[in-house]
Every structure is written in C-alpha cells, then in structure tokens.
Amino acid sequence: MDDRFTRVRRVFGEDFEKLQKANILLLGVGGVGSVCLDALFRTGIGRITIVDDDVYDITNQNRQLGSEAVGEVKVLHLASLYSNVTPIHVLITPEWVEQFDFSPFDLVIDAIDDMRAKVAVAHKTSEKLFSSSGSAKKLDPTRIRTASIWKTHGDALAKKMRYELKKSGFTGDFLTVFSDEEPTCKELGSLMCVTGAFGLTLASLAIRKITGKM
C-alpha cells in the first residue's frame, strides 16, 4: 500500500480505488489549473493529462505552482514534478479541440481563458466537463460558487460564456466554478488565495464525481 494516500483512503474507503483508476484531462495549468493538478495528484488520481502551450514568466509567480522555473514549458516542467502526468504542449484552439479524442478520459476540466476554446470544449464534451470561470480581480474565496453554466451570476466571464454558448446553438449543460464577487481592480490582477481556491474546487468536483459522492 502506498503510504502517501493513507489518510485519503480513510476518507473514501474502498472508493479510493476508483480514484486510482481514473483518467482525467486538465486543460490549462495556470493559476487555477496548476493548483487543481496538485490536488488531483495528492488525492491519488491515477492518470492526468495536462494541456497548455505556455512557458513560465516571472509574473506567474504570484499564483502558479512550478512558476519558479521561469522560461520553461509549463506542461513539461509539471510533468517532471508529478509522476503520473502526461504533458501535451499545444495551444488549445477550436481546431485542436475538434480533432482531439476526448473519449479515453473519465472527466475533462477546463481551466483555460480563451473563450472560443472554452465554447468548443463545451460542444465537444459537455457530458463530462467541469469548467472554471473568471478567478482574476477577486479577493474573497468564500464568494466562490458552483452551478450550472446557465445559473451562474455576477461573473463577467461566465456571462460572456453563456452568451457565446447560446449564439453557437449549445443546448447542453455542465457545472461551472465561478465567483459573484465584484472585481476589485480594472487592470489584470490576481491573488492565489482565489485562483488556487478555484483550482481546489474543480479538483473537489472531479474527486466527488469519480467516487459517486455528488
């Protein structure tokens, strides 16, 4: 038995084996996604594939795990830190989403910012999708909520996504992590206590879904 997961096993009992067998696709490993990855790994998820095209910049260090490796490719650096991770270094575009095979994965976690890509992911795999809305410009992690994308409120990115989904003819549904807190600044600012909490919430949704506790 792997002693790393002794205390996780106490929470889930026999359901822990479901985590060990799970295969999760994580899109985006920035301020939200990197923390989500860490939580999934430390909870015992068996296989995780991460997709991102970015390299670390010094401005990432206020919120992203692994970002001390300035100039390195994010997915490759994270794959060197987490033993069960498969990295895909590519820009997530609607075209990439269209040709990518989502079928091997039990769940898909969307932690990306690009709206066109988010909408494409929703169309392709909404039945096993958890999505992050806007975590920037926020201060209070207790304002984080989860809801159907259609029931999100007080979040500009979620509002934009609802609009784009309707315009594209999307009629499905998926759970979204969002915050109803008013933005605290006009410029692009972020705090890890909020972006990380978004990531932890996404990880919790995935873990609960896999173990049948939702």
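## Helix packing and aromatic pairs in a predicted model

Helix H6 (residues 115–125) and helix H7 (residues 156–168) have axes that come within 10 Å and cross at roughly 55 degrees, where axes are lines fitted to C-alpha atoms, for helices over the stretch in contact, and angles run from 0 to 180 degrees between N-to-C directions. That makes H6 oblique to H7, since angles under 35 degrees count as roughly parallel, over 145 as roughly antiparallel, 65 to 115 as roughly perpendicular and the rest as oblique. Helices (H or I, at least four residues) and strands (E, at least two) are DSSP runs, numbered from the N terminus.

This is a predicted model, in which local features need pLDDT of at least 70 and side-chain atom pairs count only at pLDDT 80 or more, while totals for chains, interfaces and linings use all residues. Residues are numbered from 1 along each chain as its sequence is written, and side-chain values use heavy atoms, with hydrogens and water left out.

On the H6 side of the contact (heavy atoms within 4.5 Å) are Met 115, Lys 118, Val 119, Ala 122 and His 123, which meet Leu 157, Lys 160, Met 161, Glu 164, Leu 165 and Ser 168 in H7.

H6 is mostly covered, with eight of its 11 residues buried, where buried means under 20% relative accessible area, exposed over 50% and partly exposed in between (1.4 Å probe, protein chains only). The buried residues of H6 include Met 115, Lys 118, Val 119 and Ala 122, and what covers the buried residues of this helix includes H7 together with strand E1 (23–27), helix H5 (94–99), strand E4 (107–110) and strand E5 (129–132).

The structure also holds eight aromatic pairs; rings of Phe, Tyr and Trp (its six-membered ring) pair if their centres lie within 6.5 Å, and planes under 30 degrees apart count as stacked, over 60 as edge-to-face and the rest as tilted. Two of these pairs are set out below.

| Pair | Centre to centre | Angle between planes | Class |
|---|---|---|---|
| Phe 41 and Tyr 82 | 5.0 Å | 75 degrees | edge-to-face |
| Phe 100 and Phe 102 | 5.1 Å | 85 degrees | edge-to-face |

Phe 41 in helix H3 (residues 33–43) and Tyr 82 in the loop between helix H4 (74–81) and strand E3 (85–89) are 41 residues apart, so that this pair links distant parts of the chain. Both Phe 41 and Tyr 82 are buried. Phe 100 counts as buried at 15% relative accessibility, and Phe 102 counts as buried at 4%. Ring pairs link Phe 100 and Phe 102 with Trp 96 and Phe 105 into a cluster.
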